[in-house]
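Here's a quick briefing for anyone meeting this structure for the first time. Have a look at it, then read on for a few charged pairs and a helix packing.

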Number of protein chains: 2
Amino acid sequence: MSSSSTAPAARPPIRDALVAAAFRLFLDRGYEQTTVDDIVALAGVGRRSFFRYFPSKEDVVFPDHEGCLAEMTAFLAASGPEHEPVRRVCDAARLVLRMYAENPAFSVQRYRITRRVPGLRAHELSVVRRYERALAAYLRDRFAGRPDGTLRADVIAAAVVAAHNNALRSWLRADGAGDPGAAVDHALDHVQRTYARTADAPAAAVWAGPDGSGAAGRDEDVVVLVSRRDAPLWRVVRELESVLDRS
Amino acid sequence: MSSSSTAPAARPPIRDALVAAAFRLFLDRGYEQTTVDDIVALAGVGRRSFFRYFPSKEDVVFPDHEGCLAEMTAFLAASGPEHEPVRRVCDAARLVLRMYAENPAFSVQRYRITRRVPGLRAHELSVVRRYERALAAYLRDRFAGRPDGTLRADVIAAAVVAAHNNALRSWLRADGAGDPGAAVDHALDHVQRTYARTADAPAAAVWAGPDGSGAAGRDEDVVVLVSRRDAPLWRVVRELESVLDRS
């Protein structure tokens, strides 16, 4: 799911040269000690070229996020009613992983630099927040008019981002070894299992009997029953009957 | 739950005077146009006094977060095995709400300024992230050694923060009208209902039958069954039996 099935958009060579020069200098002498003038000198271009591609020194560290955000927004905008919304935002999150996985060495380098520089961490947080808002905006639209629609949209968007980043960070900390796609799929499946069943239906509440033997909760059209495995079957059925009003 | 049951710690009057002067100037002439020198002049204190209390101009906007973070960390550190972990992090999040609710006028003012100034929004994101990390660290400890322990810890911490902030922001956007405690309680209950049942038990998977009639998932010692209300009872029981290996 995370592997790149389409070629990345062509990027101007000057832009790539600026990114390469910036990272070389950040690693050699440190991020704070590197100026935009140093970067353009090493890349052999003028100062104006830098600001044509990047609003600030922070942005050269995250050169592909704007493109990825645009891709995610377009992906979500192209959704239809046939798309289960929680699955859809999980698929949207996989676009971010794909960007990181396309260039493991660069992603690992950036992760190391970002962890060391507070200003870059703050910048990265604002980028992550923009992804989360894009996911939440889509879900708010899908859940519009439903009870707790914006609440559920915000919570699910945050859960998707947290799950994605949990797997992504593990991979980056392991120096990009292994398959990040499998780890992210596992993490996102966890979120989907939690939310996909109830997100599109009226909220279903789950209770447990006081002795843990089992109990059932009802809602408009979904019944959720939680039971200990060792509870007697007759008790579980009786609980179920009472909730279904069939006793 | 969100009302203040204990008096806030005494704060030095100079600190309060600096905050009051800063907000007055931010509202009158804008945040970017206000310098630390302007603030200390209006407060009638020296420049060194400012930096005794605040590392930077950003921090004067969020004067109570450091104290609240310390309070949250102490609250979580004082937890025992008797505390259900998801409930505990929800209660920890209520400490943040209490700080906002203690001074509605100030909180609403700050919200308006923060929304207008990108640098302040970035600073606020980093503060929110620190709360989230504190919650996640506690949950990682509680879930240590369990399958997907760190994943679930990170996801639940993010869900708690998102739910809390959803309710908090609604209240701030409504100019601090109404009871923010009730709204935050409602939002956090939503997270607790989603996670508290399974968070402390082995992960319980939920499936639905291909025709939506109902299906059951099994785990070590918990069975979760999801069914449409209109499914025939005999089918639901048969599904349940097959999962419980009692057929």
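A salt bridge here is a side-chain nitrogen of Lys or Arg within 4 Å of a carboxyl oxygen of Asp or Glu. By that rule, D154(B) and R140(B) pair up, with their closest N and O atoms 2.8 Å apart. This is a predicted model, so local features need pLDDT of at least 70 and side-chain atom pairs count only at pLDDT 80 or more, while totals for chains, interfaces and linings use all residues. Residues are numbered from 1 along each chain as its sequence is written, chains are lettered from A in the order in which they are written, and side-chain values use heavy atoms, leaving out hydrogens and water.

**Salt bridges between helices**

- The D154(B)–R140(B) pair links distant parts of the chain, 14 residues apart: D154(B) sits in helix α9 (residues 149-173) of chain B and R140(B) in helix α8 of chain B. Helices are DSSP runs (H or I, at least four residues), numbered from the N terminus.
- D154(B) is buried at 7% relative accessible area, while R140(B) is partly exposed at 31%. Buried means under 20%, exposed over 50%, and partly exposed in between (1.4 Å probe, protein chains only).
- E66(B) also has a partner: R130(B), with the closest N and O atoms 2.8 Å apart. That pair spans 64 residues, from helix α5 (residues 65-77) of chain B to helix α8 (residues 118-142) of chain B.
- Both ends are partly exposed, E66(B) at 45% and R130(B) at 39%.

**A salt bridge within one helix**

- R129(B) and E132(B) meet in a salt bridge at 3.3 Å, N to O. They're three residues apart in helix α8 of chain B, so about one helical turn separates them.
- R129(B) is partly exposed at 21%, but E132(B) counts as buried at 16%.

**The wider count**

- Searching the whole structure turns up 24 salt bridges over all chains.

**Two helices packing**

- In chain B, helix α1 (residues 13-29) packs on helix α7 (residues 104-116) at an angle of about 45°, their axes 11 Å apart. Axes are lines fitted to C-alpha atoms over the stretch in contact, and angles run from 0 to 180 degrees between N-to-C directions.
- α1(B) and α7(B) are therefore oblique to each other; angles under 35 degrees count as roughly parallel, over 145 as roughly antiparallel, 65 to 115 as roughly perpendicular and the rest as oblique.
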